[in-house]
Amino acid sequence: HHCGSRLMIAVQAKQLTKVYRCYNRRVDVIMDLLHVNRRTPSARRPALEDVSFTVETGECVGVIGRNGAGKSTLLKLLAGMSAPTSGSLEVQGKVTTLLELGTGFHPDYSGVENVRINGMLLGLSRRDVEARLPAIVEFAELGDVINDPVRTYSSGMQSRLAFAITTALQADVLLIDEVLAVGDAYFVDKCIRHLQGFLRNGGTALVVSHNAFLIRRLCQKAMWLHGGRLMEYGLVTGVCSSYEDLIREEENREILRRSQQLWKVRSRGGAADVVEPSLGAPGPDQIRIADVQVLDTKEQECACFLVGDRLLVRVQYFSTIEYANPSVGITVERADGLIACASSTLEEGFEVGLVRKGTGYFDAVYDPLLLGPGLYQITVSITLNDPLALGDTNFDRLRHVREFKVDARGCGYS
């Protein structure tokens, strides 16, 4: 029974640690190897630290985390391309690695010739390669282009060819590193179906990807690495949600910081700078924008939203006059300058009421927020309520005064 249960475990890592040494000079590497001049020890940088987990046969495990979290280091250890500094690692069966697709291709040889070369590099005999060649060519669906030099291929076409080669390999454990990041939706879908078939037939896979949607679709479990440590390992939905929450918090803080800097640059001092205007017709600076805030459902400052969330733009003002129904305009532009939405209370026929001397605020609510994923900037104006007025009708106008980001629900972060 013990042997039988042992076969159910495909990968087992116990306190896995990988430490790299960092040297300031090339000569220090040689000195260290020769055990000379050990008084100036090299800096030690752990890429993985005390990582323990078990993957059962037939499972697909997603590996998520930011750049430098240790994801690729883990795959290299699993593939036997690198040895752990301490801890133990057991992998049952034959391992195939899909790392950086297309790196083994020779640009001057055709697709077919590269299939032959790569097949043999991956351990197949010449006879095996020839036997599997028709199936590989068929899977890649490159048509006559398969006979053209690989240097004429797009990155998506190289991705097709490289993935097609791996479909011919008889592996027990498949290690995949950002393989499906390049390629059209149809081919990615085809690759996913192939991987699902591989898993149904008892194969085991570990998939590194920034695409949380792909991880959720393909994997039952996920592990989240951060700074070389295992933060969480469990069911894919829970782990992805924890990771996305942290990323959104970090991103929110960063965009808020930038947005506050934007405000300092764009706003022309506070309300205290406003001088008592001369009598006469209403004009610039008599109603001044004192602050613009982007708020969430709890009316807290926020800079990261999901499509369909509630977003509130609060325009605070300082007025030196009494004025009935000034027009408040808000324009939201994408980072590339395309206007996503623009509206004003005058155009909408909405009256904001009498503005009295002193401070107050206007709220514009977007619920649900129907903007596509991306980075956006806000321009705010307070103008005369006279649609026939000529010349500058602005009391105050601040361009690109705040920014916020919109993410799609359930999609990943880069």
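**Notes on the predicted model**

1. Where pLDDT is low, the predicted coordinates should not be read in detail.

2. For the chain as a whole, the mean pLDDT is 84, with 87% of the residues reaching 70 or more.

3. Helix α4 spans residues 111–121 and helix α5 spans residues 126–140; they pack with their axes 10 Å apart, at an angle of about 135 degrees. That angle lies between 115 and 145 degrees, so α4 and α5 are oblique to each other. Their crossing is right-handed.

4. As for the side of each helix that takes part, α4 contributes V112, V115, R116, G119 and M120, and these meet R126, V129, E130, L133 and I136 in α5. By class, the residues of this contact comprise six nonpolar, one polar and three charged.

5. Finally, have a look at the hairpin formed by β14 and β15. Strand β14 (residues 327–334) pairs with strand β15 (residues 339–344) in the antiparallel sense, over five bridges. Within this pairing, T331 stands opposite A342 in β15. Four residues lie between the two strands, and G337 in the turn has a positive phi of about 95 degrees.

Conventions: Residues numbered from 1 in each chain as written. Predicted model: local features only at pLDDT ≥ 70, side-chain atom pairs only at ≥ 80, totals over all residues. Heavy atoms only, no water. pLDDT = per-residue confidence, 0-100. Axes fitted to C-alpha atoms, helices over the stretch in contact; angles between N-to-C directions. Parallel < 35°, antiparallel > 145°, perpendicular 65-115°, else oblique. Left-handed = near helix turned anticlockwise from the far one by under 90°. Contact = heavy atoms within 4.5 Å. Nonpolar A, V, L, I, M, F, W, Y, C, P; charged D, E, K, R; others polar. Pairing = 2+ DSSP bridges.
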